[in-house]
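User: Hi! Could you walk me through this model? I'd like to go one topic at a time.
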Amino acid sequence: MACPVTDYISRNSLDQAIFIPKLFQGFAELKEALLSNRMQAGFIVAPMAMALRSQGVPIKIVYLGHRYGSAVVVRKGGPIREVKDLQGRTVAIPSRFSDERLILSRALRTVGLPADSIKLVEMPPPEMTSALEAGAIDAFSVGEPFPSQAEMTDVGEVLFHAKEYWPDYISCVLVVRQEVIDARPQAVQVLVDGVARSGLWLDEGRENREYAADFVGRYYFRQPPSLLRWALTHPMDRVLYSPLTPTQPDFELIQSLMLEHELLDRPMAFEEYVDIRFAEGAREETAWRYHPWRQEEE
């Protein structure tokens, strides 16, 4: 969400674009665009970013995309009422390299079930609600707005939000290719500053979130604004956009879970996959002073 907000506000208030946004429907094609250098920066799930870096892909995490914002969804009125009921069920995830997979493992562990007590299938997030309705899957674990989509259509209901089992949960991170960091560090800083300001702007209150849902839904995500409004305001802390500075303890937890599930072939030092200087440079940024009803930057 902070990505299109940054583009929209910078275009409409500063009369300039700081990047060219491109929408991807799944993590597989997004990963390929990064690998082939067709995309120099992107928002991907944290475990995928770390796995790519461990495999030698020249990228670094420079900022977070949001906190919270993921949930496990089951069929509304169905037999799954608590975590232990997931045993033996088929659950969709966006990627094996996703926080949404890891949160399932953490939740299962709390009720004494091993991670392999469920069957995982990878599926593009836009297909999950229809697959749940058709009975092709029993549940899915994914980020917003797809849990909200299942709720709004009465197909599904949230079994639990990620933050219930993972305090300070993070999912998407902003990665940048190393050659861009080396050649154009100031451009990377401008991008991170913009995302930071967008996050603070979104967290200022309901009015900004509802306005963002309108223009992001119509102009960027091709989704009903009502869906994004639901995801951003039911409740207001369903997704948070600050603080977004990467911290070592957050990523050490992710790394330990990835090693446990054999998603990493070796431990990595924090500095190997995170370049913290851009987040540090954005610490003093403030929210955009953008008022939609005036369409101007003060």
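User: How far does helix 1 reach from its first C-alpha to its last?

Analyst: Helix 1 (residues 2-13) reaches 16 Å, close to the 16 Å expected at 1.5 Å a residue. The expected span is 1.5 Å times one less than the number of residues. Helices are DSSP runs of H or I with at least four residues, strands are runs of E with at least two, and both are numbered from the N terminus. This is a predicted model, where local features need pLDDT of at least 70, side-chain atom pairs count only at pLDDT 80 or more, and totals for chains, interfaces and linings use all residues. Residues are numbered from 1 along each chain as its sequence is written, and side-chain values use heavy atoms, with hydrogens and water left out.

User: How many residues of helix 1 are buried?

Analyst: Nine of the 12 are buried, so helix 1 is largely enclosed by the rest of the structure. Among them are V5, Y8 and I9. Buried means under 20% relative accessible area, exposed over 50%, and partly exposed in between, with a 1.4 Å probe and protein chains only.

User: Nice. Which residues have the most contacts inside the largest nonpolar core?

Analyst: They are I61, V62, Y63, L86, F251, I254 and M258, in a core of 70 residues. Its largest share, six residues, comes from helix 3 (residues 46-54). A second, separate core has 18 residues, including M1 and L202. A nonpolar core here is a set of buried Ala, Val, Leu, Ile, Met, Phe, Trp, Tyr and Cys residues joined through side-chain atoms within 4.5 Å.

User: And what does F140 touch?

Analyst: Leaving aside residues up to four places away in sequence, F140 touches A71, V72, V73 and M128, among others. Contact means heavy atoms within 4.5 Å. F140 sits in strand 7 (residues 139-143) and is buried, with a relative accessible area of 0%.

User: Switching to L227: buried or exposed?

Analyst: L227 counts as buried at 5% relative accessibility. It belongs to helix 10 (residues 225-233), and its contacts include P145 and M152.

User: Where does P145 lie?

Analyst: P145 is in the loop between strand 7 and helix 6 (146-152). The peptide bond that joins E144 and P145 is cis, with omega about 10°. Another cis bond runs from H234 to P235, with omega near -10°.

User: What about phi for R222?

Analyst: R222 has a positive phi of about 55° although it is not a glycine. R222 counts as exposed at 65% relative accessibility. Y68 also has a positive phi, near 65°, but Y68 counts as buried at 17%.

User: Which residues line the largest cavity?

Analyst: V74, R75, G78, P79, I80, R89 and D138 line it, and the volume of the largest cavity is about 30 Å³.

Terms used:
1 Å grid on protein atoms, 1.4 Å probe; cavity = no way out; pocket = protein on both sides within 12 Å on 5 of 7 lines; lining within 4 Å. Points joined across faces, edges and corners; volume = space filled by probe spheres on them.
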